[in-house]
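Take a look at the model below. This report covers some ring pairs and one loop.

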Amino acid sequence: MRASEMTPEPVARAVSIRSVEAVEAGDREAWLALFGDDAVVEDPIGPSPFDPTGEGHRGIGAIRRFYDTVIAPNSVRFDIHSSHAGGDEVANVCTITTTMADGSKAIVDAVSTYRVDAAGRLVALRAYWEMGAMRFEPSDG
């Protein structure tokens, strides 16, 4: 098959990869720049210690606060096992490893979905994972 005959990379998948890369790099501004003004982040979906109401973090201000309180204090790594695109969305099956300041780790298996608008900006990032299924590893030190 010629390159010109190949299906281009779905926009939602490309944006999801940029999102993962920004989080792993600790690049808050690059991550926030991916979102539309009225976007929502639900990570995890439903009520949690990160989102007691379960309504999600809506709008750039709320998404910024989520980043600053949940992501920024830690080091986060994503291992994407598979990715499934359809229309303006993609679902990534992954394992997320969060290393806290003390070196301990929280590990969770997830399905993260990303939906983009016509301009390729994230309008929804939703992560399906269960608090009760989170695994913990103590610090090595």
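## A buried aromatic pair

Y67 is buried, because its relative accessible area is 3%, under the 20% cut-off. The model is predicted. W31 is also buried, at 2% relative accessible area.

There are three aromatic pairs by the rule used here. W31 and Y67 form one that is tilted. Their ring centres lie 5.4 Å apart, with 40 degrees between the planes. This pair links distant parts of the chain: W31 sits in helix α2 (residues 28-32) and Y67 in helix α3 (residues 59-71), 36 residues apart. Ring pairs join W31, F35 and Y67 into a cluster.

## A pair between two loops

F50 and W129 also form a tilted aromatic pair. Here the centres are 6.5 Å apart and the planes 50 degrees apart. F50 lies in the loop between β1 (35-42) and β2 (57-58). W129 lies in the loop between β6 (122-128) and β7 (135-137). The two are 79 residues apart.

F50 is partly exposed, with a relative accessible area of 31%. W129 is buried, at 11%.

## The loop between β4 and β5

D102 lies in the loop between β4 (89-99) and β5 (105-116). D102 counts as exposed because its relative accessibility is 52%, over the 50% cut-off. S104 belongs to the loop between β4 and β5 but is buried, at 16%.

What joins the side chains of S104 and D102? A polar contact of 2.6 Å does. Beyond its neighbours within four places in sequence, S104 is in contact with T98, T99, E137, P138 and S139. D102 and N74 are 28 residues apart in sequence and 9.5 Å apart in space, C-alpha to C-alpha.

Technical notes
Residues numbered from 1 in each chain as written. Predicted model: local features only at pLDDT ≥ 70, side-chain atom pairs only at ≥ 80, totals over all residues. Heavy atoms only, no water. Helix = DSSP H or I, 4+ residues; strand = E, 2+ residues; numbered from the N terminus. Buried < 20%, exposed > 50% of the residue type's maximum accessible area, 1.4 Å probe, protein only. Polar contact = N/O pair within 3.5 Å; in protein donor to acceptor, adjacent residues only side chain to side chain. Contact = heavy atoms within 4.5 Å. Phe/Tyr/Trp six-rings, centres within 6.5 Å; stacked < 30°, edge-to-face > 60°.
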